[in-house]
Amino acid sequence: MDLGLKGKKAVITGGTVGIGLAIAEGLAREGCDLLLVGRDGARADAEAARIGATFGVTARGISADVATAKGCDAAIAAAGDIDILINNAGTGSNETILEAEDAKWQYYWDLHVMAAVRLARGLVPGMKRRGGGAVVHNASICAVQPLWYEPIYNTTKAALMMFSKTLANEVVGDNIRVNTVNPGLVLTPDWIKTAKQIAGEEGYEAHLQAVADEAGGMKRFAAPEEVAAFIVFLCSDKASYSTGSTYFVDGGWLKSV
Ligand code: NDP
Ligand code: SOE
C-alpha cells in the first residue's frame with residue numbers, strides 16, 4: 001500500500017535507536033526526508049547516513065537534548081518547515097513518590113511534556129505554511145495503567161497524552177492531525193540492558209519472558225517495527241479522519257476498555 005508520504009519532511013526525536021529508529025526507517029521506506037534528534041550526535045549522524053543510503057532519502061542527524069529549551073530550539077532551527085513531528089524521546093524511571101526529589105520530577109516533565117510543547121510551538125507554524133501536517137506522541141500504556149515502580153514516568157506520560165488531545169483541538173482547522181500511541185512492551189536495547197543488569201547474561205531472556213508473562217495478552221514483547229508500522233500509518237493520509245485520539249499498541253496488556 002502506498003501511503004502517499006513520498007517527499008514529506010519528518011522530525012523524529014529519539015530517532016537514533018529503538019522505537020524511534022524503527023519509525024525513522026518506516027518513514028524513510030515511504031520516501032520521507034528525515035531529521036533524527038538525539039543527544040548522542042555521532043549515533044544520530046551514523047544512523048542518518050545509513051538510512052539515507054539504504055532508502056535513497058535525505059536524512060540528517062542532530063545532537064540536541066530535547067529536555068532543554070536550548071536543545072528544542074536547535075532541533076527546530078535544523079528542521080525548517082516540516083510535515084511530520086514524532087515526539088518519541090523518553091525513558092522509564094524508578095522511584096517512590098515519597099523519596100523522589102523535585103529535580104527528578106522536573107527532568108521528566110521537561111523531557112516528556114515540555115519537549116512536545118516547545119517543538120509544537122516551533123514546528124507547527126511551518127506545518128501550517130506547508131498546508132498541514134501530522135504529529136504523533138509516543139506515550140505509553142503507563143499513561144493509563146501505571147507500573148508501581150515508576151510514578152514519575154506514569155504521571156508525565158499521562159500529561160503528554162492530555163497535551164496531545166488539546167493540541168489536536170487547537171490545530172484541527174489547520175489540516176494538522178495530532179494523535180498519541182501508547183505502546184506496551186517493546187524490545188529495545190534499553191530493556192535488554194536492564195534485564196541483563198537484573199538477571200545477568202545467562203538469565204536475561206528468561207527475565208524478559210517473565211515480564212511478558214506477567215503482562216498477559218500475547219505474552220511477548222513487540223519488535224520496534226510493530227509499533228513503528230502503526231505510527232507511520234497514522235502519519236499518512238490513510239489516517240485522514242484520525243485526530244485527537246490515543247491508540248494502544250500493547251499486545252492486549254491493557255486491562256480495561
Ligand atoms: P530507547 O532508550 O531505546 O531510545 C530513546 C531514544 O531517545 C534514543 O534515541 C535517545 O538518544 C533519545 N533520547 C533520550 N533522551 C533524550 C533527550 N533528552 N534528548 C534527545 N533525545 C533523547 O527508548 P525506546 O525506543 O524504548 O522508547 C522510545 C519511546 O517509547 C520513549 O518515549 C518510551 O517512553 C516509549 N515507550 C517505550 C516502551 C518500551 O517498551 N520500549 C513502551 C512504551 C513506551 P540519546 O540517548 O542519544 O539522547
Ligand atoms: C499535510 O500536508 C499532510 O500531507 C497530511 O495531510 C498528512 O497526513 C501528513 O502525512 C503530512 O502532512
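The protein has seven helices and seven strands, where helices (H or I, at least four residues) and strands (E, at least two) are DSSP runs numbered from the N terminus. Starting at the N terminus, the order of elements is β-α-β-α-β-α-β-α-β-α-β-α-α-β. This is a predicted model, in which local features need pLDDT of at least 70 and side-chain atom pairs count only at pLDDT 80 or more, while totals for chains, interfaces and linings use all residues. Residues are numbered from 1 along each chain as its sequence is written, chains are lettered from A and ligands numbered from 1 in the order in which they are written, and side-chain values use heavy atoms, leaving out hydrogens and water.

**Overall build**

- The radius of gyration of the protein is 18 Å, which agrees with the value near 18 Å for a compact globule of 257 residues; the radius is taken over C-alpha atoms, and the globule rule is 2.2 Å times the number of residues to the power 0.38.
- Of the 257 residues, 52% are buried (under 20% relative accessible area; exposed is over 50%, partly exposed in between, with a 1.4 Å probe and protein chains only).
- Take the contacts (heavy atoms within 4.5 Å) with a separation of 6 or more: 73% of them are between residues 24 or more positions apart.

**Surface**

- Carbon and sulfur atoms hold 54% of the accessible surface, which totals about 12,100 Å² (Shrake-Rupley method, 1.4 Å probe; for residues, only the protein chains shown count as cover).

**Strand E6**

- E6 spans residues 176-183, and eight of its eight residues are buried.
- In a regular strand, side chains alternate between the two faces of the sheet.
- On E6, Ile176, Val178, Thr180 and Asn182 point one way, and Arg177, Asn179, Val181 and Pro183 point the other way, all of them buried.
- E6 runs parallel to strand E5 (residues 133-138), and six bridges join the two; strands pair if DSSP finds at least two bridges between them.
- Across from Asn179 in E6 stands Val136.

**Positive phi in loops**

- Most residues other than glycine have a negative phi.
- Asn175, not a glycine, has a positive phi of about 60 degrees; Asn175 sits in the loop between helix H5 (151-171) and E6, and counts as exposed because its relative accessibility is 54%.
- Lys219 also isn't a glycine, and its phi is positive, near 55 degrees; Lys219 lies in the loop between helix H6 (189-215) and helix H7 (224-235), and its relative accessible area of 44% makes Lys219 partly exposed.
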